[in-house]
Amino acid sequence: MAGISLAFLMLTRTNVLSPGYVFALMALFGTTRAFYHPVRKSLAPNIVAPQHLPGALALHGAACKV
């Protein structure tokens, strides 16, 4: 996602940004986020011990809302 933001910056600074580039980069950004969130949510059960899992999931949910 940082690379996509950097691409937006470079295209804007060089005055090459057009609607086609915006749509292509936003489609790529949406696809990236579609894979990012499920992967991020699946990490907690693999990292935290089973007895601490409910608290870790609650903390993770609260952190995502901030």
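In this predicted model, Ile4, Ala7, Phe8 and Leu11 of helix α1 are in contact with Tyr21, Val22, Leu25, Met26, Leu28, Phe29 and Thr32 of helix α2. By residue class, that contact comprises 10 nonpolar residues, 1 polar residue and no charged ones. The two helices pack at an angle of about 165°, and the chain that holds them has a radius of gyration of 17 Å.

**Packing of α1 and α2**
- Helix α1 covers residues 2-13, and helix α2 covers residues 19-47.
- Two packed helices are described by the angle between their axes and the distance between those axes.
- For α1 and α2 the angle is about 165° and the axes lie 10 Å apart.
- Angles over 145 degrees count as roughly antiparallel, and α1 and α2 are therefore roughly antiparallel to each other.
- The α1 and α2 crossing is left-handed.

**Secondary structure**
- The chain contains 3 helices and 0 strands.
- Read from the N terminus, the order of elements is α-α-α.

**Overall dimensions and burial**
- The radius of gyration of the chain is 17 Å, whereas a compact globule of 66 residues would have one near 11 Å.
- Taken along the principal axes, the box filled by the C-alpha atoms is roughly 55 × 20 × 15 Å.
- Buried residues make up 6% of the 66 in the chain, where buried means under 20% relative accessible area.

Terms used. Residues numbered from 1 in each chain as written. Predicted model: local features only at pLDDT ≥ 70, side-chain atom pairs only at ≥ 80, totals over all residues. Heavy atoms only, no water. Axes fitted to C-alpha atoms, helices over the stretch in contact; angles between N-to-C directions. Helix = DSSP H or I, 4+ residues; strand = E, 2+ residues; numbered from the N terminus. Parallel < 35°, antiparallel > 145°, perpendicular 65-115°, else oblique. Left-handed = near helix turned anticlockwise from the far one by under 90°. Contact = heavy atoms within 4.5 Å. Nonpolar A, V, L, I, M, F, W, Y, C, P; charged D, E, K, R; others polar. Rg over C-alpha atoms; globule rule 2.2 N^0.38 Å. Buried < 20%, exposed > 50% of the residue type's maximum accessible area, 1.4 Å probe, protein only.
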